[in-house]
Amino acid sequence: TARAVETVTGCVCGIKWVNDLILDGKKVCGILAEGVGGKAVLGIGVNLKKQELPEEECAEILGRGITGILAVNGDEGYPYTVPVNYVYYEGKIYIHGAKSGHKADAIRRSDKVCFTVIKQDTVVPESYATDYICVTVFGRAAYIEDEEQKYTVLDKLGEKYRPGFEDERRREIEGAIERTAILEITPEHITGKESLALSTKRDKR
């Protein structure tokens, strides 16, 4: 597909992750593939506007976000999503929770997850549209077992959601660490996007 784009347009594109074509550091389209009647049908979905967010802005949104939506492969192939508190620390996402349950079972079956943080979600009634800014992470999830690492993550979570109160936080962590699971998401691909209206405003600045 990258060669086809170059042949038709003269633009030399690179490929990022599994299906994104990149031009001048920006995603310009996604490669689409589908099997039909024993044949492969290939195509591309073109980004007509540069609505993709820069990497540094994606990192900032992940760092400042309060709630994220975790998506896993649930029972019988059904996707399962759940809102969670989290901390973005040293390029990874950490979530605390119970050691057992639907989410934990799903992750142990398949470590592929998706995680989305929404920075802005404003309905614009007169335009029949929504002004949105969001970041989505595709990555691999694993539960960490190292007690020191678990303590560090719980401390980061506590500082994020209840800053200060160090002594109180220490006592809470010490009392809960044995029964608490810490999920670590290692990103493989991070993408951020904003609505067309917000992207247009950004271009005019």
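Me: What makes H4 and H5 part of the lining of the largest pocket?

Reply: In this predicted model, each of the two helices supplies at least two residues of that lining. A lining residue has an atom within 4 Å of a point of the pocket, so H4 and H5 both count as contributors. The largest share comes from H5, with 5 residues.

Me: Which residues sit nearest the centre of the largest pocket, and how many line it?

Reply: There are 15 lining residues, and Leu-154, Gly-158, Arg-169, Glu-172 and Ile-173 lie nearest the centre. The pocket's volume is about 340 Å³.

Me: How do you know how the lining divides into nonpolar, polar and charged?

Reply: You sort each residue by type. Ile and Leu count as nonpolar, Arg and Glu as charged, and Gly as polar. Sorted that way, the lining comes to 6 nonpolar, 5 polar and 4 charged residues.

Me: What makes E9 and E10 a pair of strands?

Reply: Pairing takes at least two bridges between strands. E9 (residues 112-124) and E10 (residues 129-144) have 12 bridges, in the antiparallel sense, so by that cut-off they pair. Within the pair, Val-117 stands opposite Val-135 in E10. The two strands form a hairpin with 4 residues between them, and Tyr-128 in the turn has a positive phi of about 50°.

Me: Which other strand does E10 pair with, and how many bridges join them?

Reply: E10 also pairs with E11 (residues 181-194), in the antiparallel sense over 12 bridges. There, Val-137 stands opposite Ile-190 in E11.

Me: How many helices and strands does the chain have, then?

Reply: The chain comes to 6 helices and 11 strands. Its C-alpha atoms fill a box of roughly 65 × 50 × 35 Å along the principal axes.

Me: What share of the chain counts as buried?

Reply: Of its 205 residues, 34% do, with under 20% relative accessible area as the test. As for contacts between residues at least 6 apart in sequence, 60% join residues at least 24 apart.

Technical notes:
Residues numbered from 1 in each chain as written. Predicted model: local features only at pLDDT ≥ 70, side-chain atom pairs only at ≥ 80, totals over all residues. Heavy atoms only, no water. 1 Å grid on protein atoms, 1.4 Å probe; cavity = no way out; pocket = protein on both sides within 12 Å on 5 of 7 lines; lining within 4 Å. Points joined across faces, edges and corners; volume = space filled by probe spheres on them. Buried < 20%, exposed > 50% of the residue type's maximum accessible area, 1.4 Å probe, protein only. Contact = heavy atoms within 4.5 Å.
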